[in-house]
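Hi,

Here is the structure I promised to pass on.

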Amino acid sequence: MHELGSFAVSEEEILDFGERYVPLPYHTDKEAAKKSIYGGLIASGWHTAALMMRIYSENYLSKVANLGSPGGDELRWDKPVFAGDKLSVRATVLETRRSESRPDRGIVRTFIEVSNQKREVVMSMKMVNFVRSRNA
């Protein structure tokens with residue numbers, strides 16, 4: 001398991017991201033958000049995923065060996081993220097193997113969890129990454 005770092009989520013970021021990418025009232029309007037099922041302004045799940053990706057890219061993916069990703073699986077937004085929350089990212093390697101079709105690269109499957117300051121998981125997913133491999 002790898003602790004990758006943490007970051008705070010600001011109200012301004014939530015509003016900016018919501019306005020730009022997910023214009024729903026609980027992401028863009030503080031007063032309307034108070035009347036929502038969340039009781040206040042929350043970050044879009046895609047905003048949370050983008051913040052996670054920044055930490056994941058900077059602190060987990062190799063600048064030398066990373067070859068990209070075909071995608072992820074089982075993305076879950078388990079709890080809402082509110083302004084002022086401090087989120088932490090943890091990565092657990094699930095599997096590593098050499099590609100059968102391209103032996104110059106490996107495949108790494110990683111389980112990622114994003115937790116708030118209460119240690120509640122707010123987001124999780126399984127990522128797949130291609131990495132450059134040493135000679136077979």
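The charges come out at 20 positive and 18 negative side chains, with the centres of the two sets 6 Å apart. Lys and Arg count as positive here, Asp and Glu as negative, with His and the chain ends not counted; each charge is placed at NZ of Lys, CZ of Arg, CG of Asp or CD of Glu.

Keep in mind that this is a predicted model, where local features need pLDDT of at least 70, side-chain atom pairs count only at pLDDT 80 or more, and totals for chains, interfaces and linings use all residues. Residues are numbered from 1 along each chain as its sequence is written, and side-chain values use heavy atoms, leaving out hydrogens and water.

On the fold: there are four helices and five strands, in the order β-α-α-α-α-β-β-β-β. Those are DSSP runs numbered from the N terminus (helices H or I, at least four residues; strands E, at least two). The C-alpha trace spans about 60 × 30 × 25 Å along its principal axes.

Of the 136 residues, 35% are buried (under 20% relative accessible area, 1.4 Å probe, protein chains only).

Helix H4 (residues 45-59) is worth a look. Its buried residues are Gly45, His47, Thr48, Ala49, Leu51, Met52, Ile55 and Tyr56. They pack against strand E1 (2-8), helix H1 (11-21), and strands E2 (66-77), E3 (86-98), E4 (105-115) and E5 (121-132), with contact meaning heavy atoms within 4.5 Å. At the start of H4, a side-chain oxygen of Ser44 comes to within 3.0 Å of the backbone nitrogen of Trp46.

Cheers

Terms used. Buried < 20%, exposed > 50% of the residue type's maximum accessible area, 1.4 Å probe, protein only. Polar contact = N/O pair within 3.5 Å; in protein donor to acceptor, adjacent residues only side chain to side chain.
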